Amino acid sequence: MIAYIIRRLLIAIPTILVLIVASFFLMHFAPGGPFTSERPLPPQVLANIEARYGLDQPLWKQLYDYLFNIIVHFDFGPSFKFKDRDVNDIIAQGFPISFTYGSLSFLAATSVGVSLGIAAAIRHNTWIDYFAVGLGIAAQALPNFIMGPILILTFTLWLGLLPGGGWNGGQWQYLIMPVIALSTSYMGSIARITRSSMLEVMSSNFIRTARAKGLPTRILIWRHALKPTLLPVVSYLGPVFVYVLTGSVFVDMYFSTGGLGQAYVGSALSRDYAVLLGVTILYGTLTVVVNLLTDLAYAWFDPKIRY
Amino acid sequence: MNMQTRLLIAGFLSSTFIASAAMAGGTHPTTGEALADDQTFTYRILDEHSSVDPQVVEDVSGSEIVRDLFEGLMSQDQDGNLVPGVATGYTTNDAKDVYTFTLRDDAKWSNGDPVLASDFVFGWKRAVDPELSSPYSWFMELMSIENAAAIIAGEKPVDDLGVTAIDDRTLEVRLSAALPYFPQMTTHSTTFPAPQKVIAQHGDAWTKPGNIVSNGAYVLTEHLPQERSVRERNVMYWDNEHTIVEKVVALVINDENVALTRYLAGELDRTEVPAGQYPRLQQEYPAQAISFPRLCSYYYTFNLSEDGPEAFKDPRVRQALSLAVDRKIITEKILAGGQPEAYTFAPEATAGFTVPQVEMSAMTQAERDSLARELLAEAGYGPDNPLTFNMIYNTSESHKKIAVALGQMWKQKLGVQTDLGNLEWKVFLETRGNQDFDLARGAWCGDYNEASTFLDLLQSNSGYNDGKFQNDRVDELLATAKTADNTTKLYTEVEQILAQESPIIPIYHYAGVYMMDSDVGNWPVNNVEQNWYSKNLYKIAE
């Protein structure tokens, strides 16, 4: 097990390096640059700016300097667009925000989704099932960019209960709408996956055997059915976890939360190379770590899996 | 308000000890309106500002903040006229190439230090310093300051810049060419002073709240990137006693519909009206939905370079396409925000610019359409030989609607086939800059309030002339206008040539279309550049 974890972490290093190099070149090959603007800068002014940020160097040299600064100084470079801040600043400011509303959304989506799915499966073909399935489909059909405006209209304009946006250090009033908007569609998916997985498990041989020896339903579900039911859910949750943790551009856009999602998409649009790469590396590292955790979780959920 | 009334008010205020803080909740000193207790002005900005460093800032929302935080030599009043800022006035020599500004002796930085001529010298040298590499360093070149171009090019040391502090209160500027509108340019943020001591102490972090020291009516007290920034009254400001608004909050809200919802929920005092929603809002909130002309033009440019299509080399084709555009449909049905239709490049709102009578504007749309058909037929295009070309625009709902409408108008009226290309912003800029298009969207907002800020775009060697229009007479007229006292005749002729040659299709001039809370007093609707200063605003008691 320990050897497995070490091996996986070692593989992660070249993976992330490849990610950096590929993103670096893709980014530089995209048309336009950070200083392309509606008012083209006079060549001399542009040259001064490019010299300042080292963009006048050959690409391999830029890549080398970039990696060197990350590895030696843990410095991800300056932002080309937000000149008062650097990439470390931007991540340090945005990531805690994304992390807060992301992990709350993850908890909400998982707990509500799994409960709904289980309820639907054990009351198969009753009104509870239909209600849960209906709710799940409706939730899944409501992506956050639809939920955002609906929530703001309802809770801010019509009911006047919640502030329409902002973060304010993460006070609860400011958290409710982002969390609902981000978790709804995942909740729907989780409910559906849980339900179908549970139905399958409930009709399998070992459950039939357990039933035959007279085990009460409650123990049957908690002790025997739950773990195998959750296995496909866990494989779905891994990527979802990374996605919600790193923020959502729509949540940031609609609720002005100041998270990393908006910074990421914004940096791609404005060709803010250093910010784009910095956030990509963060996302990549998180993905690698969470994938590893997911794989380890499999072993816990299914004793047949061994590393 | 002239100087005399200003003095009278100042005298009145000091004699009765009505300090500024006591004004909140009182009445406005000149209009007598009851003032609100809470003097906070909250407005929406589309995107996070790029910087609050006066020499570095390059975006509109950043400049708005910088104009509150810092004060330049001159400022603008409600109508865009020049008024004294840190300078009380200036003199110039006969050749108009040396300007001498006298600085007021009560101007202070927010840390209490006096604002000296050397602070301007420092700021201006900073602006051209290749080491800072300001994206607006070209503005100092545009101002024709002696040696600016050579310093930016790294050919001369920064200290050679033609600006000198004669003494603490006297600033001398030497220009490489006569520039009658030089003082107007000192309202631009690039020319604001910079606090040398503070920058030396904090380096790049000097603009962070807590570190920043500024000389304007406000200081930056809070900045939460992508969320909001807050600026509060600077008690050290020389005219602090006339400042009424205590606190200004800029909220970053990317989505304009969400911004409108939050405005309607009472969270904002000002927001932009999304395209097409103005008529409804005006009906529902007549006192709050406002529209006023802006100094911007929306147009399409033909590619007249060698890479451009052969058909566009014929002025009749270009004119036919321009004639067939029903601008009324675009301004009234698509945008519906009170935007004026455009038949000339420079907007009517431009100072000292009389819109010349061009033939097209006097015709009815039916007359234009039939003339367009005639011209296109003469040029050899018709059902047997249909004109086809591509047109590009950058991603945006309203650009798309306009492009579709244009394509449809040309198809119905002239049988022209268009191929629409929607490009992401940076790709769009690169494609247009490389003349890799047939017809491209363009928009321009004036850098200063004079027609040349628009017309210069069509000068043969202008870096902004993406359509590569070349006309010797236009170049000659624009060159003459630079130093002419009366430019009306010159600009009229330029616009007439543009109407005849049609290198561009002017479509509409922008309007500032806002929802503005009716308790906001003194918004400068007549300032077409929309250079607004929070110190001139006030909140009326509801």
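The contact between the two chains takes 40 residues from chain A and 39 residues from chain B, two residues being in contact if their C-beta atoms, placed from the backbone, lie within 7 Å. The model is predicted: local features need pLDDT of at least 70 and side-chain atom pairs count only at pLDDT 80 or more, whereas totals for chains, interfaces and linings use all residues. Residues are numbered from 1 along each chain as its sequence is written, and chains are lettered from A and ligands numbered from 1 in the order in which they are written.

On the side of chain A that touches chain B, at least two residues each are supplied by α2 (43-52), α6 (144-158), α10 (249-255) and α11 (260-269) of chain A. Helices (H or I, at least four residues) and strands (E, at least two) are DSSP runs, numbered from the N terminus. By class, this side of chain A has 17 nonpolar, 14 polar and nine charged residues; Ala, Val, Leu, Ile, Met, Phe, Trp, Tyr, Cys and Pro count as nonpolar, Asp, Glu, Lys and Arg as charged, and the others, Gly among them, as polar.

Within chain A, helix α4 (residues 87-122) packs against helix α7 (residues 172-202) at an angle of about 35°, their axes lying 6 Å apart. Axes are lines fitted to C-alpha atoms, for helices over the stretch in contact, and angles run from 0 to 180 degrees between N-to-C directions. The residues of the contact of α4(A) with α7(A) comprise 22 nonpolar, six polar and two charged. α4(A) bends by about 25° at G94(A), and a proline, P96(A), follows within four residues; the bend is the angle between axes fitted to the seven residues ending at a residue and the seven starting there.

In chain B, strands β1 (residues 40-45) and β10 (residues 247-252) pair in the parallel sense over six bridges, pairing requiring at least two DSSP bridges between two strands. Strand β9 (residues 228-233) of chain B runs antiparallel to β10(B), joined by five bridges. V249(B) in β10(B) stands opposite T42(B) and also opposite V230(B).

A further open sheet of chain B has four strands in the order β4-β5-β7-β6, with antiparallel pairing. Its edge strands are β4 (87-92) and β6 of chain B, each pairing on one side only, and the twist averages 25° from one strand to the next. A hairpin joins β6(B) to β7(B) through two residues, and A165(B) stands opposite L171(B) in β7(B). Helix α4 (residues 117-128) of chain B lies across β5, β6 and β7 of chain B, running at about 170° to β6(B).
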